[in-house]
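Have the structure open beside you as you read.

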Amino acid sequence: MIVGIGVDLVDIPRFERSIARTPRLVERLFAPAERVLAPRSLAARYAAKEALIKALGGSDGVHWTEIEITPEASGRPWFTLTGSTAAVVAERGISAIHLSMSHDAGLATAYVVAESAEATP
């Protein structure tokens, strides 16, 4: 059963200006393995993290660096969650999180669907 949907759109040039103006944003928003990626890839990951927070219904207990987007062998993006963020997802009964990301024409977008194994009353 779908328990949450989130979508986000990021203006890549604006995002690049933000991280150039405030380099510490990269450390505050991204897991260590993500920090070496190109700005357009970081923009897509930022959109994915925002979309996940929307799908969860809020950011209580969620920490940006505990959300890492990792590719499966097929290249499909996947959330790797740790710490209190993983606990929040488990507490909400979310059993699967689906993610799609794209970037083109100066924009990055992400779409997230959160599923629960059981129907909520």
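1. Let's start with a buried pair: Glu 34 and Lys 49 are both buried, where buried means under 20% relative accessible area, exposed means over 50% and partly exposed lies in between (1.4 Å probe, protein chains only). Please keep in mind that this is a predicted model, in which local features need pLDDT of at least 70 and side-chain atom pairs count only at pLDDT 80 or more, while totals for chains, interfaces and linings use all residues. Residues are numbered from 1 along each chain as its sequence is written, and side-chain values use heavy atoms, with hydrogens and water left out.

2. Glu 34 and Lys 49 form a salt bridge, with their closest N and O atoms 2.8 Å apart; the term stands for a side-chain nitrogen of Lys or Arg within 4 Å of a carboxyl oxygen of Asp or Glu. This pair links distant parts of the chain, since Glu 34 is in the loop between H2 and H3 while Lys 49 is in helix H3, 15 residues away. Helices (H or I, at least four residues) and strands (E, at least two) are DSSP runs, numbered from the N terminus. Arg 45 joins in too: Glu 34, Arg 45 and Lys 49 are linked in a network of salt bridges.

3. What else surrounds Lys 49, not counting residues up to four places away in sequence? Lys 49 touches Leu 29, Phe 30, Ala 31, Glu 34, Trp 64, Ile 67 and Ile 69, contact meaning heavy atoms within 4.5 Å. A polar atom of the Lys 49 side chain also lies 2.7 Å from the backbone oxygen of Leu 29. Lys 49 counts as buried because its relative accessibility is 0%.

4. Now for the other salt bridges. The whole structure has five of them. One of these joins Asp 8 to Lys 54, with the closest N and O atoms 2.9 Å apart. Here again distant parts of the chain are linked: Asp 8 sits in strand E1 and Lys 54 in helix H3, 46 residues apart. Asp 8 is buried because its relative accessible area is 12%, whereas Lys 54, at 41%, is partly exposed.

5. Glu 27 pairs with Arg 24 at 3.9 Å between the closest N and O atoms, and both residues lie in helix H2, three residues apart, or about one turn of the helix. Glu 27 is partly exposed, with a relative accessible area of 44%, while Arg 24 is exposed at 54%.

6. Glu 66 deserves a look of its own. Glu 66 lies in the loop between helix H3 (39–56) and strand E2 (67–71). Which side chain of opposite charge is nearest to Glu 66? It is Lys 49, 10 Å away, and Glu 66 is buried yet has no salt bridge; in this count Lys and Arg are positive and Asp and Glu negative, with His and the chain ends not counted. The Glu 66 side chain does have a polar contact of 2.8 Å with the side chain of Thr 85. Such a contact is a pair of N or O atoms within 3.5 Å; within protein, one must be able to donate a hydrogen and the other to accept it, and residues adjacent in sequence count only if both atoms are side-chain atoms. Beyond four places in sequence, the contacts of Glu 66 are Thr 80, Leu 81, Thr 82, Gly 83, Ser 84 and Thr 85.

7. Ala 110 is in strand E5 (residues 107–116) and is buried because its relative accessibility is 1%. Leaving aside neighbours within four places in sequence, its contacts include Gly 6, Val 7, Asp 8, Ala 44, Ala 47 and Ala 48. The C-alpha atoms of Ala 110 and Leu 52 are 8.9 Å apart, although 58 residues separate the two along the chain.

8. Finally, Arg 92 is in the loop between helix H4 (83–91) and strand E4 (94–104). Arg 92 is partly exposed, at 37% relative accessible area. Apart from neighbours within four places in sequence, Arg 92 is in contact with Leu 56, Gly 57, Gly 58 and Asp 60.
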